[in-house]
Structures are given as C-alpha cells and as structure tokens.
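The following exercises treat one protein structure, each with a worked solution. Please consult the sequence and the model while reading.

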Amino acid sequence: MKKWLLNWRLFSLFSVMALLLAGCGKPFLSTLQPAGEVADMQYSLMLLSTAIMVLVIIVVTIIFVYVVVRFRQRKGEEKKIPKQVEGSHTLEIVWTVIPIILLIILAVPTVSATFKLADVKPMNKEKRDKHTVVVNVRANLYWWEFEYPDYGIITSQELVVPTNERVYFNLKASDVKHSFWIPAVGGKMDTNTDNKNQFWLEFDQKATDKAGGIFYGKCAELCGPSHALMDFKVKPLPRADFDQWVEKMKNAKPVVTDSVAKEGEAIFNKSCIGCHAVSPVDKRPEQARTAPNLANFGDRTRIAGILDHNEENLKKWLKDPNSVKPGNKMAGTYGNLTDDQINALTKYLMSLKVE
Ligand code: HEC
Ligand SMILES: [Cu+2]
C-alpha cells in the first residue's frame, strides 16, 4: 500500500476515535469529573489502580523487548543456548514479592475508602440531628421515587438535595433489582426488594455550577426493556434554597384557575388519581404509590425522566406512553384519550408547580 494512503487512514482512524472520546467527560455525567467527596474518593482509586497497571505494563514490555533483542538468534551462533535460570530462588522471590507489594498499595486505600463510604451512623442515630438530610429512594420499573421522611414530602424523577454536606440515602426497590447511580457524584449502589442499602453522597457546589445545576442519574442494573431509559435528574441547591424548596413542597396545593386546566383536573381526578398523587404530602403506604408523584411536575426538566419538558412531549407521552418507554407500567391502564382530553390534561399538569 502507498505510504501516504496508510498515513491518511491512520489519521482518519485517530480522528474518529478522538471524536468518540470527546463524548466522554461531560461534567453532568462523567466519573472523570468528580463532583463531590465520594466521587473524589472513587476517582483517586481509579487513578491509583490505573497507574499501577500502567507501571506493570511498562516494566513487562521493557523486559520483553530487552529479552527479544538480547537473546535473538545471531548469525554464526545458531546453536548457542544462553545461560539457563530455571529454579532461581532470587528471581522467584522477586516476582512473587513485587505483585504482593502492588496489591497492598492498592488494597490499603481501597479498604479505607470502603469503610468511609459505608459510614452511615449519622442517619441511624436514635435521634437524628435535625440538620441531617435523609432521602428514601425507591426504584420502580422505570421510575424513581424520592421520599424525605423527616419533612413528610415525596417527589419523583428529580432528586433535590443540599450542596456541600453529606446527604444520606436509604435505597430499595419495589419490583425487581435496580441500581442507583449518579456518575459524576458517586454510586452505584443496588436497590433491592428484600433489604435496604444505605450510603451517603456529597454534592459539590462549584461542580454543580460547572455542570449547569443538574446532574444525571441512571439505573445501573439491567431491569427490563426500558432499563436504558430509567434516568433521573439531580438538582443540588445551596442549603438555604433547599430549605425553601422543602417549605414550598410542604405547603404545595394545586391551584387551578384556567378553565381548560380545570377540565383537565376533572379528567385527572377520574382516570389518573388512583395511581398518581398531586400532593407532595402523600400519606398512602408505598405499595399504594404505584406512579410518580406529580406535585411539582411543572417544575421538572424532563417528562418520564427522559423527554424534554414541553407540552408537545407531554402530549406524546399521554397519547402513547409505550412508544416512549416500552413496557412501562402506565401504558394501557386507562382508556383512549381524545385530543381535547389530552390538551386539557396537559394544561393541568403543566400548572402543577411549587416554584
Ligand atoms: C396504573 C397506574 C397509572 C395510571 C392509571 C396512570 N398513570 Fe401515569 N404513570 C404511571 C407510571 C407507572 C408512570 C411512570 C412510567 C415510567 O416512567 O416508566 C407514569 C408516568 C406518568 C407521567 C410522567 C411523570 C413524570 O414524572 O415525568 C405523567 C405526566 C403521567 N403519568 C400522567 C398520567 C395521566 C394524565 C393519567 C390519566 C390519564 C395517568 N398518568 C394514569 C402509572 C399510571
Ligand atoms: Cu434498570
């Protein structure tokens, strides 16, 4: 092959790879841009293990190349056999001890970080500090519920937390196993049906600003056909704003003035209220909470966790949820809606705001 052609091919290959890699590293979803204490710890461990691996690869490669060159068959010396070292105690000790040392270097910080990350004492105290924020996360096919037991409020799909402090989580699932993961901030931790997992995360204010105020969360355990669409968003707020948000949620009530929205409310109260609550203060037991709480639906940035938040997409969702999220638990549970009903419901749902 002509040389310039080969160069050109390599060049395009590397450009495509560079383009692919450029997709990584967005501040709102990359583990490589850690946005809090947990993410920092996890990132340092990644760097450490990568450094050790690269070191091993470099040393082995150098030895390999040296041996290939040094002991190659030379002209006139075809029969020559180099000195044999089989059974050398020194060498055997060297290549046993070095990996042990490397493993210890890796193990000490890993075990220490594991214990730090598992320290959830502040949330389990007999009488919890008033300041400590605890969130009960419940994963469902294919949506997320966030309950704040100390404030008596519930929200869905978008987790709101204070920045620059440890937030504690109780994690569980109501149907199958899922996994709670906010790549830039930390995780992942399984949500199970038969036990409760606990951990904490810290959301850094500066990193939040850099990420545009919102982080992406994901389900990280294959759970069904719409697993890849089981996203949620995280809105970290400065403590004062967070407290305000909690107060607004506690006092939220749908105020419907528009006549079309009123029609929507009537349809909603007939066909949808059995599953969806529109008050964040939902006293029903969790088995009865079979759908996302819609109290602050109008404030959200996504519909069903994935579609951009606008009327057009909401109509698309109400018309045929299955076309958006195959196999979701809302599809086929209410009769066909007419376009007028969908318009009315859209007006009503978009008016559900606390901000
Ligand atoms: C059988 C229970 C059930 C009924 C009845 C039901 N839904 Fe749902 N709805 C769900 C579930 C479950 C989801 C979550 C789907 C997902 O994201 O996987 C959902 C999601 C939604 C969402 C997106 C929520 C979000 O947080 O982004 C909207 C909006 C919605 N439903 C509106 C309605 C309306 C309007 C009606 C009545 C016409 C209705 N639902 C009837 C179960 C139900
Ligand atoms: Cu999943």
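## Exercise 1: Helices α7 and α10

The axes of helix α7 (residues 259-271) and α10 come within 7 Å and cross at roughly 100°. Axes here are lines fitted to C-alpha atoms, for helices over the stretch in contact, and angles run from 0 to 180 degrees between N-to-C directions. The model is predicted: local features need pLDDT of at least 70, side-chain atom pairs count only at pLDDT 80 or more, and totals for chains, interfaces and linings use all residues. Residues are numbered from 1 along each chain as its sequence is written, chains are lettered from A and ligands numbered from 1 in the order in which they are written, and side-chain values use heavy atoms, with hydrogens and water left out.

Task: State how α7 and α10 are oriented to each other, and which residues meet.

Solution. 
- Step 1. Angles under 35 degrees count as roughly parallel, over 145 as roughly antiparallel, 65 to 115 as roughly perpendicular and the rest as oblique.
- Step 2. α7 and α10 are therefore roughly perpendicular to each other.
- Step 3. On the α7 side, the contact (heavy atoms within 4.5 Å) is made by Val 260, Ala 261, Glu 263, Gly 264, Glu 265, Ile 267 and Phe 268. Their partners in α10 are Gln 341, Ala 344, Leu 345, Lys 347, Tyr 348 and Leu 349.
- Step 4. This contact of α7 with α10 has eight nonpolar, two polar and three charged residues. Ala, Val, Leu, Ile, Met, Phe, Trp, Tyr, Cys and Pro count as nonpolar, Asp, Glu, Lys and Arg as charged, and the others, Gly among them, as polar.

## Exercise 2: Helices α8 and α10

Task: Describe how helix α8 (residues 311-319) packs with helix α10 (residues 339-350).

Solution. 
- Step 1. The packing angle of α8 and α10 is about 125°, and their axes are 10 Å apart.
- Step 2. α8 and α10 are therefore oblique to each other.
- Step 3. From α8, Glu 311, Leu 314, Lys 315, Leu 318 and Lys 319 take part; residues they meet in α10 include Asp 339, Ile 342, Leu 345 and Met 350.
- Step 4. The contact of α8 with α10 divides into six nonpolar, two polar and five charged residues.

## Exercise 3: Backbone details

Task: State where Tyr 142, Lys 188 and Gln 157 are found.

Solution. 
- Step 1. Tyr 142 is in the loop between β1 (133-140) and β2 (143-148). A cis peptide bond joins Leu 141 to Tyr 142, with omega about -15°.
- Step 2. Lys 188 belongs to strand β7 (residues 186-191), and a cis peptide bond with omega about 0° joins Gly 187 and Lys 188.
- Step 3. Gln 157 is in the loop between β3 (153-156) and β4 (158-162); its phi is near 65°, a positive value in a residue other than glycine.

## Exercise 4: The whole protein

Task: How many helices and strands does the protein have?

Solution. 
- Step 1. The protein has ten helices and twelve strands. Helices (H or I, at least four residues) and strands (E, at least two) are DSSP runs, numbered from the N terminus.
- Step 2. Along its principal axes, the C-alpha trace spans about 100 × 60 × 35 Å.
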